[in-house]
Amino acid sequence: MKFQGSEHYIATQDLMLAVNAALTLKRPLLVKGEPGTGKTMLAEEVAGALGMPLLQWHIKSTTKAQQGLYEYDAVSRLRDSQLSGSEEAARVRDIRNYIVKGVLWQAFTSDQPVALLIDEIDKADIEFPNDLLREIDRMEFYVYETRELIQAKHRPLVFITSNNEKELPDAFLRRCFFHYIKFPEADTMQRIVDVHFPGLKKQLLAAAMKTFYEVRNLPGLKKKPSTSELLDWLKLLVAEDIPLEALQSQDDKVAVPPLVGALLKNEQDLTLFEKLVFMQRHNR
């Protein structure tokens, strides 16, 4: 199996090479990049292109590695044990009825190879990646409550995304193939936009792209607008039927674009941009 891109996802050559390298090495693909550059969507598109079911595990600050394997629901077992009746008693005696399978268990025991997305791993506690080392490396784990070893029938294609909020342990990094999704250059960005807005007028697209990169390249921004924010902005421009003239300034100076709230997401960045516009207009 090889990933060669899809009609809904513009993958650069180096990104396709990274996916196929992870497939060949049978190692997780660790994908980093700015928020909004398509890290999560990559797993969805690769799974679809290769005909593999996709299991997703979205990590939160409270997520523990054990939850990806299984959880023992002791509270439900205690509650059921307090109920009368032979049927409930038989259920309580079998502890397997209170084992909740996590996404790793589901991926390991699937009858066909699956893709597994561990999304935003850097949101969790620093020990989270270390707690998964053995399971990801050996593709097995032990269930102490039932005294059974769960081994993978097929090695899943694992995607791990990170927004670089925390450094990941070296031992964990050693077990992954790494790829950093660079922010798209203008020609790649235009191909991405063409997929989502195939009928967009060329003049409007050119003016919108020029404005977008002017905003993005403003030094000192706390949060630079991403690919997903550009697509949201273009969707609004089309929906509101914003004329081309609203995106162009006669003196070729930077102007505050319409619906700028789709691009700049905090007051500090908006104030910085407005100051730049004010200074240019007054030739300072």
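Student: What makes Glu-229 count as buried?

Tutor: In this predicted model, Glu-229 has a relative accessible area of 7%. Buried means under 20%, so Glu-229 is called buried, given its 7%.

Student: Why is Lys-223 called partly exposed?

Tutor: The relative accessibility of Lys-223 is 31%.

Student: What makes the contact of Glu-229 with Lys-223 a salt bridge?

Tutor: The closest N and O atoms of Glu-229 and Lys-223 are 2.9 Å apart. The limit is within 4 Å, so the pair qualifies as a salt bridge.

Student: Why do Lys-123 and Glu-120 count as a salt bridge?

Tutor: Their side chains meet at 2.7 Å, N to O. Because the cut-off is within 4 Å, the term applies to Lys-123 and Glu-120. Lys-123 itself is partly exposed, with a relative accessible area of 33%.

Student: How many salt bridges does the structure hold, and what parts does the one between Asp-111 and Lys-153 tie together?

Tutor: The structure holds eleven salt bridges. In one of them, Asp-111 and Lys-153 have their closest N and O atoms 2.8 Å apart. Asp-111 lies in the loop between helix 6 (103-109) and strand 5 (115-119), while Lys-153 lies in the loop between strand 7 (148-151) and strand 8 (157-162). The pair therefore ties together parts that are 42 residues apart in sequence.

Note on methods: Residues are numbered from 1 along each chain as its sequence is written. This is a predicted model: local features need pLDDT of at least 70, side-chain atom pairs count only at pLDDT 80 or more; totals for chains, interfaces and linings use all residues. Side-chain values use heavy atoms; hydrogens and water are left out. Helices (H or I, at least four residues) and strands (E, at least two) are DSSP runs, numbered from the N terminus. Buried means under 20% relative accessible area, exposed over 50%, partly exposed in between (1.4 Å probe, protein chains only).
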